[in-house]
Amino acid sequence: MDPAAAGDSSLLNDSTQLRRPLCPRLPSLSSRFRLKTTLWSELSGAVGDLGTYIPIVLALSLVNGLDLGTTLIFTALYNAITGLLFGIPMPVQPMKSIAAVAISPSSHLSIPQIMAAGLCTASTLLILGATGLMSLFYRLLPLPVVRGVQLSQGLSFAFSAVSYIRYSQDLPSGKTSGPRPFLGPDGLLLALSALLFILLSSGTGNERRRLVPSALIVFLVGFILCFLRDASVLQHLKFGPSPLRVITITREDWKVGFFRGAIPQIPLSILNSVIAVCKLSGDLFPDQEVSAAAVSVSVGLMNWVGCWFGAMPVCHGAGGLAGQYRFGGRSGLSVMFLAAGKMVLGLVFGNSFVMILKQFPVGLLGVLLVFSGVELAMASRDMGSKKESFIMLVCAAVSMKLNAAAGFVCGLVIVLVLWIGDVDWVAQLRGRRGRTVDDKSRPGATEEEIVGV
């Protein structure tokens with residue numbers, strides 16, 4: 001290949017995110033939902049991100065009074081639309097920072113305040129995506145910093161998963177309540193058996209060993225155990241969807257929602273819900289890497305529709321994408337199956353479905369979550385040099401100890417400092433002086449060039 005042509009190609013590749021359309025043209029339905037593995041694999045991948053979805057939704061429902069039926073219906077619509085638009089198992093996950101603030105006893109948020117926080121975050125991402133700033137940001141961001149954010153998020157999921165498996169959980173308070181009993185319908189033996197089953201049936205995610213829908217089987221076992229743990233839940237079920245109502249948000253709600261919920265959520269959404277998701281989609285689906293602008297606008301539009309009706313603020317999470325991919329999701333068909341399941345449950349049981357989720361074995365959720373976290377963390381294994389690994393690990397360490405925004409800033413500072421240290425400033429200055437002397441001694445030099453204007 002001609003070197004000049006190769007250089008031009010590299011430049012074009014670097015600007016791909018800037019040139020991509022904000023609203024990509026919809027290909028045929030057959031190409032979006034074509035089976036790339038097996039039907040069972042897509043079904044298994046559909047439940048691959050429930051290890052993060054269920055605990056947060058359940059906690060918000062029990063502590064803050066979130067309407068689960070409304071959330072199920074709207075997130076089902078989000079799943080269906082994003083599956084159609086992106087053609088990959090694009091997850092729809094709760095905004096974790098807002099949820100953490102909302103359920104905390106010290107900073108409890110009301111439903112209007114939660115929705116205000118979601119709308120403020122959504123507005124920021126919508127503006128960044130629509131103006132192209134998100135694509136520019138994505139193109140300029142050093143890869144080791146992105147990998148550091150992914151590694152920290154993956155390890156955080158894995159640590160939470162180990163806690164879910166080892167200890168009994170009080171999800172509304174987010175605290176453990178002692179070691180998990182060894183036997184019982186939510187005992188340690190059940191969780192370890194599920195972990196062993198997934199390892200034996202799918203290994204470390206090898207394509208050839210994904211004939212058994214391991215995540216789907218584990219989820220169905222947990223669903224059945226809900227009724228065995230407490231048969232009285234059947235008496236509390238009410239048929240029919242939750243009534244739709246518009247949430248009234250006061251000026252005080254906007255103020256509290258923005259400062260307590262949106263400000264800590266916005267950096268996390270930019271880094272994990274857009275940047276990390278786009279980078280991970282390129283790793284997992286090289287021919288289908290999604291546009292940063294499209295993902296950012298998608299998050300904005302989803303919440304500007306659902307939050308007004310009390311649906312949980314959501315985003316696209318790299319952990320959810322890693323989990324769905326790990327358990328077999330390879331196309332938009334996977335999230336379409338998930339959308340169908342959520343829609344049926346939301347329409348049939350409405351908010352009363354929370355009574356069933358309260359009985360779901362948390363240990364099994366931990367098993368699903370540990371594989372999602374490890375899959376996301378393994379995306380950082382492509383750091384080939386010592387310098388890249390150093391930047392990634394420091395960024396990950398700061399992110400885990402403080403927060404993703406602090407880790408991100410720390411990573412950028414290290415990149416800048418290392419770049420300054422690598423430049424031979426003496427040689428640069430000597431070269432510049434040499435060029436200046438040559439210009440002045442060059443025959444035909446103008447007065448301006450000699451003066452240096």
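**Pockets and buried elements of a predicted model**

By class, the lining of the second largest pocket comprises 16 nonpolar, 1 polar and 1 charged residues. The structure is a predicted model. The lining of the largest pocket, by comparison of class, divides into 20 nonpolar, 14 polar and 3 charged residues.

**Second largest pocket**

- The second largest pocket holds about 400 Å³ of space. It is lined by 18 residues, and those closest to its centre are Val 47, Leu 50, Phe 219, Gly 341 and Leu 345.
- Helices α4 (39–46), α5, α12 (214–229) and α17 (332–349) each contribute at least two residues to the lining of this pocket.
- The most is given by α17, with 5 residues of the lining.

**Largest pocket**

- The volume of the largest pocket is about 980 Å³.
- Its lining consists of 37 residues, and Ile 56, Lys 96, Ala 100, Phe 157 and Ser 160 lie nearest the centre.
- At least two lining residues come from each of α5 (50–64), α7 (96–103), α10 (143–166), β2 (167–170), α14 (251–284), α20 (386–401) and α21 (404–422).
- Helix α10 supplies the largest share of this lining, 8 residues.
- Helix α5 supplies at least two residues to the lining of the largest pocket and at least two to that of the second largest pocket.

**Helix α16**

- The buried residues of α16 are Ala 318, Gly 319, Gly 320, Leu 321, Ala 322, Gly 323, Gln 324, Tyr 325 and Arg 326.
- Just after α16, Gly 328 adopts a positive phi of about 120 degrees.

**Thr 52 in helix α5**

- Thr 52 is located in helix α5, a helix that also contributes to the linings of the largest pocket and the second largest pocket.
- The relative accessible area of Thr 52 is 9%, and the cut-off for a buried residue is under 20%, so Thr 52 is classed as buried.
- The side chain of Thr 52 forms a polar contact with the side chain of Gln 93, at 2.3 Å.
- Neighbours within four places in sequence aside, Thr 52 is in contact with Gln 93, Phe 157 and Leu 369.
- Among these contacts, Phe 157 is also one of the lining residues nearest the centre of the largest pocket.

Key: Residues numbered from 1 in each chain as written. Predicted model: local features only at pLDDT ≥ 70, side-chain atom pairs only at ≥ 80, totals over all residues. Heavy atoms only, no water. 1 Å grid on protein atoms, 1.4 Å probe; cavity = no way out; pocket = protein on both sides within 12 Å on 5 of 7 lines; lining within 4 Å. Points joined across faces, edges and corners; volume = space filled by probe spheres on them. Helix = DSSP H or I, 4+ residues; strand = E, 2+ residues; numbered from the N terminus. Nonpolar A, V, L, I, M, F, W, Y, C, P; charged D, E, K, R; others polar. Buried < 20%, exposed > 50% of the residue type's maximum accessible area, 1.4 Å probe, protein only. Polar contact = N/O pair within 3.5 Å; in protein donor to acceptor, adjacent residues only side chain to side chain. Contact = heavy atoms within 4.5 Å.
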